[in-house]
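User: Hi, I've just opened this one and I'm new to it. Please walk me through it.

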Amino acid sequence: MVMASVIQKITPHYSFARWLLCNGSLQWYQHPTEEQLQVLAGKQQKAKSKKERKYNGHIETKPLTVPKDINLHLEAKSITEMDTRVLHYFPEYQWLVDFTVCATVVYVITEVYYSLTNPRNEMNISIVWSLLVLIFVFKVLFSLTTHYFKVEEGGERSVCITFGCFFFVKAMAILIVTENYLEFGLETGFANFSGGAVQFLEKQGLQSQGPVSKLTFKMSLAILCGFIGAFLTFPGLRLAQMHLDALNLAKEKLTQTLLHVNFLSPLIMVLLWVKPITKDYIMNPPLGKESIPLMSESTYDSLRLWIIIALCVLRLALIRQHLQAYLNLAQKSIEQMKKEAGRIGTKDLQKMVARVFYYLCVIALQYVAPVIMLLHTTLLLKTLGHHSWGLLSEPSYMSPKEITEASNSVKSSTLVANESKKLTVAQITMALDGLQNVFTPLLFRGLLSFLTWWIAACLFSTSLFGLFYHQYLTIA
């Protein structure tokens, strides 16, 4: 709450989210006024405005129309802070981006502090910040998805439901695949979680075979994956369209290459967990008769984290190219309209141009929200999974046996320290230490690895479908 109030005090003076839109690099197209349309229409054909008299004596005026092939050129303007006040979802966009920046800064400072001091009994506050970021991301994506469900016309609702069911079935199929192909560690993590939970319940005087069965665990995880897939459907479809438009705008080969790498970045993340393609080949490359491992498992895990973060930074660095490609849809719609015959109402023409800029922050949220989700899920994977950032030196990689022994040692030392305290305090401490044996780094490694992989898989699947749709199914 203190940090939220501080952020609210800072954002009126400086906001990273507002700077992304209002630094002068983005150009939006202003819709023409009715007077301008009448002047343009008068050069080709007079604008028509007919009046009809009803039977009850009232006069009804038909809307003013202009030819569709009107010689109209939209005026481009730079986005200012005053313009952002009319944008739909601008408060949500500003809060999410600014809070994510603060949470990332807190995480970096915390990681530096932990690398210098190496505290053992302190809670890592960056975990709370990353969890709050993920909560805000899910809230924003849920709000955007419900907006599509409220639209009566169009098939947005059916698309969300279809993709949600598709991703649910896909998640169930993925969870059946053995870890010889997809290396998440879910089986090991769930076994460690069940064993720790049984021991914890037995020490509390309760007899149990485990808090949840493996089938229920995987079914719950598949349902969550279905919702994530539904939330990421339209962000992926929108990304495909912006990618095609950004490629048409890019003139330099380097920019085009970066755009291609950005589009394929979810696929690269997905392949990082496919053992036969990446891990087995990198760690044990076929070099003659002997296979010499290039790196250890812990080093590969650290390298995987760095690759994901680098790809997320690349996607955030290219946000302006994609947003400008979206803003150019206003001029693109006018050019498409000029190829059609007939007339169009001035109000309809103005709405066609104005709605592009009005929904800019919705598109920005659809672009940044999945990246933020990927980034902070990866950060949680590093922290809760007890991974390391080190690549050259040998990172501290704890095996399942070492994790169990470390948890037991923490428990015993805590009990000795609390012998002189009250019995209730000792019981609470025992319960908290018992929960550390239940929710172990092995569980978080498997769960967060799978969720990170799944988010990337959903993004690539939806964007690939969107690329196919906009490239081959949309009539230009």
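Analyst: Let's start with the labels: helices are DSSP runs (H or I) of at least four residues, strands are DSSP runs (E) of at least two, and both are numbered from the N terminus. Also keep in mind that this is a predicted model.

User: Okay, helices. How do α16 and α19 cross?

Analyst: Helix α16 covers residues 360–384 and helix α19 covers residues 441–473; their axes come within 9 Å and cross at roughly 160°. That angle makes α16 roughly antiparallel to α19, since angles over 145 degrees get that label.

User: Is that crossing left-handed or right-handed?

Analyst: The crossing of α16 and α19 is left-handed. On the α16 side, the contact includes Pro370, Met373 and Leu374, and on the α19 side it includes Phe444, Leu448 and Ile455. By class, that contact has 13 nonpolar, four polar and one charged residues.

User: Which residues does α9 use to touch α19?

Analyst: On α9 they are Thr233, Gly236, Leu237, Leu239, Ala240, Gln241, His243 and Leu244. The α19 residues in that contact include Thr462, Ser463, Phe465 and His470.

User: How many nonpolar, polar and charged residues are in the contact of α9 with α19?

Analyst: Six nonpolar, nine polar and no charged residues.

User: And at what angle do α9 and α19 cross?

Analyst: Roughly 50°, with the axes of α9 (residues 233–249) and α19 coming within 7 Å. The two are therefore oblique to each other, and α9 passes α19 in a right-handed crossing.

User: You mentioned Ser463. Is Ser463 buried or partly exposed?

Analyst: Ser463 counts as buried, at 1% relative accessibility. Ser463 is in helix α19. Leaving aside neighbours within four places in sequence, Ser463 is in contact with Gly236, Leu239, Ala240 and Phe263.

User: Switching topic: what's Phi like at Tyr89?

Analyst: Phi of Tyr89 is near 70°, a positive value in a residue other than glycine. Tyr89 is found in the loop between β5 (75–78) and α4 (90–117).

User: Is Tyr89 buried or exposed?

Analyst: Buried, with a relative accessible area of 11%, and the cut-off for buried is under 20%.

User: Now His386. Where is His386?

Analyst: His386 is in the loop between α16 and α17 (400–417). Phi of His386 is near 55°, which is also a positive value in a residue other than glycine. At 38% relative accessibility, His386 counts as partly exposed.

User: One more: where does Leu264 sit?

Analyst: Leu264 is in helix α10 (residues 253–271). With 40% relative accessibility, Leu264 counts as partly exposed.

User: And what separates the C-alpha atoms of Leu264 and Leu311?

Analyst: A distance of 9.6 Å, while along the chain Leu264 and Leu311 are 47 residues apart.

Methods
Residues numbered from 1 in each chain as written. Predicted model: local features only at pLDDT ≥ 70, side-chain atom pairs only at ≥ 80, totals over all residues. Heavy atoms only, no water. Axes fitted to C-alpha atoms, helices over the stretch in contact; angles between N-to-C directions. Parallel < 35°, antiparallel > 145°, perpendicular 65-115°, else oblique. Left-handed = near helix turned anticlockwise from the far one by under 90°. Contact = heavy atoms within 4.5 Å. Nonpolar A, V, L, I, M, F, W, Y, C, P; charged D, E, K, R; others polar. Buried < 20%, exposed > 50% of the residue type's maximum accessible area, 1.4 Å probe, protein only.
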